[in-house]
Amino acid sequence: MSSIAFTNIATLVTNDSSVGDGALGIVRNATVVSDDGVIVGITTGVPTGVDSLVDCTNKTLLPGFVDSHSHIIFAGDRSEEFALRSQGQKYTSGGIASTVAATRAATDSDLASNAQRLLDEALASGTTTMEIKSGYGLTEKDELRSLQVAKNFTEETTLLAAHVIPEEFRHDPDGYVDLIINSIIPQSQAKWIDVFCDEGAFNPDQTEAILRAGISHGLLPRIHANQLSSGKAVEIAIAVDAASADHLSKSTVRDIELLASSNTVATLLPGAEFSTHLEANLGRRFLDAGATVAIASDCNPGSSYTTSMPFCIAAAVSLLGFTVEEAVAAATIGGAKALRRSDIGSISVGKRADLVLLDAPSYIHLAYRPGVNLVHSTYKSGRAVTTWQK
Ligand code: NIG
Ligand code: FE
């Protein structure tokens with residue numbers, strides 16, 4: 001492994017207020033040195049004795065984006081469903097069935113190459129960590145092989161067998177819950193357990209039983225909460241100490257207060273708000289309450305078919321009421337907290353050298369220039385990469 005110095009960085013976002021100004025810990029004209037995949041110095045000038053130099057004049061260096069919520073193990077396309085929403089049709093969980101059918105029919109190598117394509121897109125827009133869920137298999141075999149594909153790409157794998165009740169169990173939903181608890185969870189070896197607790201998905205009792213079964217097998221809980229309706233999901237999230245409650249579009253004032261005084265991150269999904277039912281200013285309500293907030297792509301073929309965290313930052317600012325600084329923090333250190341990771345999400349000595357270099361003089365351009373890919377290069381563990389690998 002070799003050392004690199006990033007020199008003359010016009011704007012460095014450290015997310016470390018002990019190193020730089022404001023909540024983002026901004027340093028101007030800085031130098032960052034990484035060695036053996038880890039940040040070893042934040043300084044000025046051009047150091048000697050490093051293996052390579054990257055001149056960052058007029059550029060911005062940030063922690064790589066941490067995308068803590070994605071559903072990229074799938075096959076098929078639901079563009080028609082998106083078009084119907086543009087004609088006024090509401091988003092429901094009903095469309096998931098068509099992706100389940102396509103996913104079951106796909107080979108492992110189809111699923112892997114689709115995931116690779118989406119991860120390469122994500123990398124090209126600055127994502128360096130991606131959580132990946134199963135959830136479009138909904139049989140023992142298809143959930144386990146979805147996770148197997150995901151494991152080749154990330155440490156952050158999530159079992160979401162509890163996405164919706166599959167057609168075969170329509171008249172016996174608790175039979176499917178039993179299958180998840182007694183068969184799928186024990187074999188899954190995922191890091192995380194997730195449940196879509198909502199209308200048309202899993203009820204609070206089923207949700208809690210599945211999360212607790214996951215926990216007893218060493219999986220860590222996270223949850224899809226209040227996307228389509230408000231219910232008990234936030235209470236359950238806090239009761240099981242979930243790392244994150246995600247979506248939260250229909251949250252009540254009490255849900256927001258509960259999250260703000262908990263250890264559970266509120267993860268908002270600007271791509272889903274954009275593509276389905278917009279809850280304007282959703283972010284402001286959580287931020288003003290003092291919650292720890294993350295944003296993530298939710299990349300999936302139904303409610304949010306984007307891999308771009310810069311797009312999510314721009315949407316968070318213009319649609320959800322975030323300041324630019326809050327959105328950038330939510331997409332980096334916020335995502336790291338939602339994954340309970342302390343080695344990523346900030347640029348300070350000892351952290352992983354997961355970095356994104358922007359061809360722009362300020363991080364503000366991420367929201368100011370929507371739809372333009374400003375990423376010059378992405379570094380994982382101190383290495384410039386153009387193809388996603390674990
Ligand atoms: O997070 N809410 C549940 N699951 C996905 C959407 C799934 C789909 O529509 O295919 C989500 O938005
Ligand atoms: Fe989701």
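Guide: Let's start with the model itself, then turn to the fold and the metal.
Guide: This is a predicted model, where local features need pLDDT of at least 70, side-chain atom pairs count only at pLDDT 80 or more, and totals for chains, interfaces and linings use all residues. Residues are numbered from 1 along each chain as its sequence is written, chains are lettered from A and ligands numbered from 1 in the order in which they are written, and side-chain values use heavy atoms, with hydrogens and water left out.

Visitor: How many helices and strands are in the protein chain?
Guide: The protein chain has 13 helices and 17 strands, counted as DSSP runs (H or I, at least four residues, for helices; E, at least two, for strands).

Visitor: OK, metal next. What coordinates the iron ion (ligand 2)?
Guide: His-69 (NE2), His-71 (NE2), His-224 (NE2) and Asp-298 (OD) do, at 2.0 to 2.4 Å. Donors here are N, O and S atoms within 2.8 Å of the metal (3.2 Å for Na, K and Ca), and water is not among the atoms, so sites may look incomplete.

Visitor: What spacing do those donors follow along the chain?
Guide: The pattern is H-x1-H-x152-H-x73-D.

Visitor: And His-69, buried or exposed?
Guide: His-69 is buried, as is His-71. Buried is under 20% relative accessible area, exposed over 50%, partly exposed in between (1.4 Å probe, protein chains only).

Visitor: What about the whole chain, how much counts as buried?
Guide: 59% of its 390 residues.

Visitor: Roughly what box do the C-alpha atoms fill?
Guide: About 70 × 45 × 40 Å along the principal axes.
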